Amino acid sequence: HSADAQRTDLMTITRFVLNQQSNHPESRGDFSILLSHIVLGCKFLCSAVNKGEEQKKLDVLSNDVFIKALVSSGRTCILVSEEDEEATFVEASKRGKYCVVFDPLDGSSNIDCGVSIGTIFGIYLIKEDHEPTIEDVLQPGKNMLAAGYCMYGSSCTLVLSTGSGVNGFTLDPSLGEFILTHPDIKIPKKGKIYSVNEGNAKNWDDPTTKYVENCKYPRDGSSPKSLRYIGSMVADVHRTLLYGGIFLYPADKKSPNGKLRVLYEVFPMSFLMEQAGGQAFTGNQRALDLVPKKLHERSPIFLGSYEDVEEIKALYAAEE
Ligand code: AHG
Ligand code: MN
Ligand code: MN
Ligand code: MN
């Protein structure tokens, strides 16, 4: 019986990634070791969140845990965290070939009321044989090797792409293992939900204003979309990935580049969206083509179902 077979044949995230990478035998071991250290950080946070740690503590704690786990993996050379102004360059004796960019705790304003929060990460490979420099991480998102997030919600879910589709794993607390629960996630071609902080509406540009207006009062006779906005990017993007629709954090007059950070928010989520069959757009280009000039650079972002993102692209194109 196949359900039983699935229940007994435990597909852990480690096993899954090892299988998936069997065509890159040279980096199999290294990548799995790196991933297991990221997973350790996620497990720690999952348990800390469940214990109800305070926001202030969790913010600092989560960054420390990830930095230490990543350095001690012996597989990283440069780390960029939302919480640190400067990048961390790993000392030569612990150096490896991966650069990790991450937001250790995303949605931190939601911690104290128990709403879902998460960790977001992206992984680059350093160019062969040279001293790591900041240019190694100031790379367009399409150069990422892998990206993912972990959501600490009613359960703890890790969503990962290594460049061949998107897969979701749920932490089984009794095993302490992430088990494959959402194989080959594909985002619906079109969705019924839009997700945006509408409190910023008075400062939006015309295409964004028209787009949201059309979500509420469609001109083609279709039903209006529903609005869902949690204010945790991980949770809002996770819902968008599973149910379809669009998530946007647009530019506005006060924040001409929006709010979200290119390296560790916009890129990993855009990478996952494309891998799931959706799109990610900045308001003037494919998000993954952006070349960041600074570590903590921001960009407007529109991501989600293929057809929903097509609509906002058309509105921006009509402006030109
Ligand atoms: P962080 O907690 O890492 O600083 O990020 C918060 C982000 C993101 O999670 C969310 O999408 C966005 O802030 C919400 O911003 P608004 O409160 O402006 O809507
Ligand atoms: Mn922050
Ligand atoms: Mn964040
Ligand atoms: Mn954060």
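Me: Which residues of helix 8 are buried?
Reply: In this predicted model, the buried residues of helix 8 are Asp 308, Val 309, Ile 312 and Tyr 316. They lie on the same side of helix 8, because they cover an arc of only 95 degrees around the axis.

Me: How far apart are the end C-alpha atoms of helix 8?
Reply: They are 21 Å apart. Helix 8 has 14 residues (306-319), which at 1.5 Å a residue should span 20 Å, so the two values agree.

Me: What about the end C-alpha atoms of helix 3?
Reply: Those are 37 Å apart. The 26 residues of helix 3 (residues 25-50) should span 38 Å at 1.5 Å a residue, so there is agreement here as well. Among the buried residues of helix 3 are Phe 31, Leu 34, Leu 35, Ile 38 and Cys 42. Just after helix 3, Gly 52 has a positive phi of about 80 degrees.

Me: How many residues of helix 7 are buried?
Reply: The count is 14 of the 14 residues (262-275), so helix 7 is largely enclosed by the rest of the structure. Gly 277 follows helix 7 and has a positive phi, near 95 degrees.

Me: Changing topic: which residues are around ligand 1?
Reply: They are Glu 82, Asp 103, Asp 106, Gly 107, Ser 108, Asn 197, Gly 231, Ser 232, Met 233 and Lys 259. By class, this shell holds five polar residues, four charged and one nonpolar.

Me: Where is Pro 188 relative to Lys 259?
Reply: The two are 71 residues apart along the chain, and their C-alpha atoms are separated by 26 Å. Pro 188 is located in the loop between strand 8 (177-182) and strand 9 (193-195).

Me: Is Pro 188 buried or exposed?
Reply: Pro 188 counts as buried because it has 20 C-beta neighbours inside 10 Å. Beyond its neighbours within four places in sequence, Pro 188 is in contact with Gly 244 and Ser 305.

Me: What is the phi of Asp 184?
Reply: The phi is near 45 degrees, a positive value in a residue other than glycine. Asp 184 also sits in the loop between strand 8 and strand 9. Asp 184 is exposed, because 11 other C-beta atoms lie within 10 Å.

Me: And what does Thr 181 touch?
Reply: Thr 181, in strand 8, touches Gly 168, Phe 169 and Thr 170, leaving out residues up to four places away in sequence. Thr 181 counts as partly exposed, because it has 15 C-beta neighbours inside 10 Å. Between Thr 181 and Gly 165 the C-alpha distance is 14 Å, for 16 residues in sequence.

Me: Last one: what does the UniProt annotation say about residues 187-316?
Reply: An unreviewed UniProt entry annotates residues 187-316 as "domain: Fructose-1-6-bisphosphatase class 1 C-terminal". Over residues 187-316 the model has 36% helix and 12% strand, with the end C-alpha atoms 23 Å apart.

Note on methods. Residues numbered from 1 in each chain as written. Chains lettered and ligands numbered in written order. Predicted model: local features only at pLDDT ≥ 70, side-chain atom pairs only at ≥ 80, totals over all residues. Near = placed C-beta within 6 Å. Nonpolar A, V, L, I, M, F, W, Y, C, P; charged D, E, K, R; others polar. UniProt positions renumbered as here; feature names shortened; annotations may be inferred. Helix = DSSP H or I, 4+ residues; strand = E, 2+ residues; numbered from the N terminus. Expected span 1.5 Å × (residues − 1). Buried ≥ 20, exposed ≤ 12 C-beta atoms within 10 Å, placed from the backbone. Arc of directions from axis to C-beta. Contact = placed C-beta atoms within 7 Å.
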